[in-house]
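Subject: Structure for your review

Dear colleague,

Please find below the structure that I am handing over to you, together with its sequence.

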Protein chains: 4
Amino acid sequence: MSREIRAGLVQIDEYGPWTVSPEPRRETDLQSLQASLFADFAAFIGERDGYAFYGRFDNMYAVANEATPDDFRRFQRRVRTRYPVTVSVGLGAASTPAAALGVASERLQAAGGAQDGGRSEAMAVGDAPESGDTGSVTVAHFDVVDVTGEHTDRRNAVDVTLSIRRATLALATHLRSEHGGLAHFVGGDNVIAVCPDLDPAAYETAVDHVATETGIELQVGIGRGATAHAAGDAAKHALERCRETGTRIHGADRVPADH
Amino acid sequence: MSREIRAGLVQIDEYGPWTVSPEPRRETDLQSLQASLFADFAAFIGERDGYAFYGRFDNMYAVANEATPDDFRRFQRRVRTRYPVTVSVGLGAASTPAAALGVASERLQAAGGAQDGGRSEAMAVGDAPESGDTGSVTVAHFDVVDVTGEHTDRRNAVDVTLSIRRATLALATHLRSEHGGLAHFVGGDNVIAVCPDLDPAAYETAVDHVATETGIELQVGIGRGATAHAAGDAAKHALERCRETGTRIHGADRVPADH
Amino acid sequence: MSREIRAGLVQIDEYGPWTVSPEPRRETDLQSLQASLFADFAAFIGERDGYAFYGRFDNMYAVANEATPDDFRRFQRRVRTRYPVTVSVGLGAASTPAAALGVASERLQAAGGAQDGGRSEAMAVGDAPESGDTGSVTVAHFDVVDVTGEHTDRRNAVDVTLSIRRATLALATHLRSEHGGLAHFVGGDNVIAVCPDLDPAAYETAVDHVATETGIELQVGIGRGATAHAAGDAAKHALERCRETGTRIHGADRVPADH
Amino acid sequence: MSREIRAGLVQIDEYGPWTVSPEPRRETDLQSLQASLFADFAAFIGERDGYAFYGRFDNMYAVANEATPDDFRRFQRRVRTRYPVTVSVGLGAASTPAAALGVASERLQAAGGAQDGGRSEAMAVGDAPESGDTGSVTVAHFDVVDVTGEHTDRRNAVDVTLSIRRATLALATHLRSEHGGLAHFVGGDNVIAVCPDLDPAAYETAVDHVATETGIELQVGIGRGATAHAAGDAAKHALERCRETGTRIHGADRVPADH
């Protein structure tokens, strides 16, 4: 009776070849393209109360229990009319976010390779697309304790970025291998993880692991809800409680009104 | 006789507090905001033939020998009129990109903290702003050998991302500590490093280091030019030669026409 | 028994004063801001199968039977987090689009003036917000017969624009005064009108009126549907039939599948 | 000894056919595309201290004395990498803005038709591209006297828009036919005209003409400078003086510092 998490993988079709044909394209134009595409994707997924992550930019993810295949077809249509590229989509559901993206990855791979000229705007949903009720989602929102005082306002920006990346990678690797969680950097000193239902000790272990491996001290607010947005919003409020009280790990103690 | 590299650090003013006031803002809106701001920054720096990196999104970098303080003031003005936030800027020059960003960081910190309510749109250029000729720039453009066949088309997208992040971090840490280089993930399987003038063996060592640490095999094209764009464009062409010939490290063998 | 059309008016709060404080802002930045805001609004309304019009840019409209007050609150929230301005919204329903926007205008005016410092993010929906079933919507999609051959490829672009504006104004004035319709320029040589249910002779009269007043010959496809998108899509297909067959006025002869 | 004005015409290649192939594209996506393209164009021209106008969206204009053919080639390259369409460009210079756009139009037409499948990214600069010094530019910035009190806060938004469009069209037609000026709606109640050097009585005549034809009372600030931005900024300050003093026509009485 697995609680199901639904995830989507959006992959630009034949992007690598396109970036160098007929000549390598200007890097800043590509950066601008990728960032704009993700900005649109985040807005699109936000409309459905999901969470979006930029991944590798040419492979972006969403955890979006409310988003249907038709919704993703709308996104494909929108990209086709707004960008010089098209996107294929794989959707999957499983008991963990990483497993759900694994299903999505396999389906998309079965529909054709990322640089396969014959694949365009694939919608890989499997034989029996998921339907019916989904379980609730847990979101853990991490940030670095006193990042401004200890890092941003004192160190070379290059080194601060490397430290945060190191902490992110340690955390993401740990949560993925131990719990099938999906953790992603979301800007500043923030890392958001979508997780299965874990007990608080698991987060304590994760935070300790990151401190030991990288010397970076994290705090985390945890929320749960029917959608990634609802869970994440509760997590943000819980993280505010960490900041106010100095506790490192705080669960949601209220269900915030939707906004 | 130092060849000077000029770098800019752009930091959103009081961003952390803003993201949670009066309540935590919707995550997907923040993701969309940050990505749009970087899309504009990349376009802006691209206009000046520099290279832009998203850093932590609230702290973005540019290597842009041609960009003047007045150019960055234009960017500040543009942000103020297009976004709900403002940005401060630190500029620095030094013989390596990391050192130049270190100077920029110090100047910006001296102008006020990132969450200091009294700092808004600071332009921290030091007492004697850099002027006159700059040296040339080296750009090394790395990617993963056969990323599509070995990774994208075979593995869970979550794990591919983690692998690429691991390789990026190993490379960036190595280049930063050994050579004062600035390496940054730029999407897909691409990492771009702005470096001082190094001999080819240094790149070979870096690539070997990454393979040993992470199991990821990189190839690299290297270019040199008066601007990051010129150097980077040469590097892209050199990387194409790697792809065609199977060599792992390729220097620019031609100066591409500007485009 | 009135078939109800629902319309929304989105107005930037205190925009005029903001554009000149503390000094007049750079015109191209304002142009860029307004166009981006409309691009987002169009995408937002498109998500709800409505049609959006840029109006005066600081006052934008939508005909969107499916959009609820909560949807527009989402748009307000999104603007607040993505732009340096906020927006107020008036919603109205009536038997014609112009009357619906009249109701929306009155409600918004009652909530405070456009330059009233005390009004921010008003949501003016009246005492008893509209609910329940709405009627169907009629969209008429006009363009200029052989615009490329007769105008774009032969005349000064300035004069072509003036001609099309003249035709648009004549059409919009006629449809508004005669039928309570809302006609708006949508780019190129296209004008889209949202109308109550009219018989074909009314469109013939409108097209003749424009030809007499301005010398510009229009053709029009007409569609009907539960949403502006469905009606407009049918109208686009009907307009294609005009182009193929040389008829000036063509009603929808099929209900297109949603896409 | 003509003072030369330089203008650019940017035209989307084969846009009409693209919007309906293979099926008519969703209207709100097209609206969003066009608005984004103009937002980028305005930013691009703003970088060069010019003024940009959306024209018909698929045909956009700029008055940009500082922009070179190479600059416009950069814009073409940027569009190609960011959008699903490409653009062709015609450039012209003449003693009036309308005449300059006439030259640009003819050159572009000579390079191929707007729906000619064989034309892609044309750069139509003529045999001897303009070079050397340009004259100064005059910008007249008009708005409606007490638009908020008389119109926005009192009338149906549909009718306010129609009134402003009517005033814009009357003004633009007059300035074009009498003086070769280029007037364009820029949002709200603002119309910007780029004009040759006229004496104040000409503006008084124009304002009277609009009042007689449409009942709309305009005021205008006039500025002059080496670039459209410099002239337009002076015009904005002059218009502020109209608002403060109640005069209807005000010339620039100071040269604003660049910002």
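**The sheets of chain A**

In chain A, 5 strands make up an open sheet with mixed pairing, in the order β2-β3-β1-β4-β5. The edges are taken by β2 (51–53) and β5 (123–124) of chain A; each has a single partner strand, so one side of each has no neighbour in the sheet. Please bear in mind throughout that this is a predicted model.

Within this sheet, strand β1 (residues 5–12) of chain A pairs with strand β3 (residues 59–63) of chain A in the antiparallel sense, over 5 bridges. One of the residues involved is A:Gly8, whose bridge partner in β3(A) is A:Ala62. Helix α2 (residues 27–47) of chain A packs on the sheet and touches β1, β2 and β3 of chain A. The direction of this helix makes about 160° with that of β2(A).

Chain A also holds an open sheet of 5 strands in the order β7-β8-β6-β9-β10, again with mixed pairing. Here β7 (182–187) and β10 (249–251) of chain A stand at the edges with a single partner strand each, so one side of each is left without a neighbour in the sheet. From one strand to the next, the twist averages 20°. Strand β6 (residues 137–144) of chain A and strand β9 (residues 218–225) of chain A are paired in the antiparallel sense over 8 bridges. In that pairing, A:Val139 has A:Gly223 in β9(A) as its bridge partner.

**Chains A and B**

The same surface serves both copies, as 100% of the contact residues of chain B recur in chain A.

The contact itself involves 62 residues of chain B and 62 residues of chain A. Helix α2 (residues 27–47) of chain B supplies the largest share of the side of chain B that touches chain A, namely 15 residues. By class, that side of chain B consists of 26 nonpolar, 24 polar and 12 charged residues.

**Chains C and D**

Chain D contributes 63 residues to the contact and chain C contributes 63 residues. Helix α2 (residues 27–47) of chain D gives the most to the side of chain D that touches chain C, with 15 residues. That side of chain D divides into 26 nonpolar, 24 polar and 13 charged residues. Because 100% of the interface residues of chain D are also interface residues in chain C, the copies meet through the same surface.

**Backbone details**

Most residues other than glycine have a negative phi, and most peptide bonds are trans. Several places in the model deserve mention in this regard.

- The peptide bond from A:Ser21 to A:Pro22 is cis, with omega near 0°; A:Pro22 is in the loop between α1 (15–19) and α2 of chain A.
- D:Ser21 and D:Pro22 are likewise joined by a cis peptide bond, with omega about 0°; D:Pro22 lies in the loop between α1 (15–19) and α2 of chain D.
- A:Glu14, a residue other than glycine, has a positive phi near 50° and lies in the loop between β1 and α1 of chain A.
- Helix α6 (residues 157–179) of chain B has 23 residues and reaches 32 Å from its first C-alpha to its last, close to the 33 Å expected. Just after α6(B), B:Gly180 takes a positive phi of about 70°.

**Confidence**

The model scores ipTM 0.95 and pTM 0.95. Chain A has a mean pLDDT of 93, and 94% of its residues reach 70 or more. Over residues 254–259 of chain A, pLDDT stays under 50, and the model has 6 contacts beyond four places in sequence for them. Where pLDDT is low, the predicted coordinates should not be read in detail.

With kind regards

Methods
Residues are numbered from 1 along each chain as its sequence is written. Chains are lettered from A and ligands numbered from 1 in the order in which they are written. This is a predicted model: local features need pLDDT of at least 70, side-chain atom pairs count only at pLDDT 80 or more; totals for chains, interfaces and linings use all residues. Two residues are in contact if their C-beta atoms, placed from the backbone, lie within 7 Å. Helices (H or I, at least four residues) and strands (E, at least two) are DSSP runs, numbered from the N terminus. Ala, Val, Leu, Ile, Met, Phe, Trp, Tyr, Cys and Pro count as nonpolar, Asp, Glu, Lys and Arg as charged, and the others, Gly among them, as polar. Two strands pair if DSSP finds at least two bridges between them. Axes are lines fitted to C-alpha atoms, for helices over the stretch in contact, and angles run from 0 to 180 degrees between N-to-C directions. pLDDT is the predictor's confidence in each residue, from 0 to 100. The expected span of a helix is 1.5 Å times one less than its number of residues.
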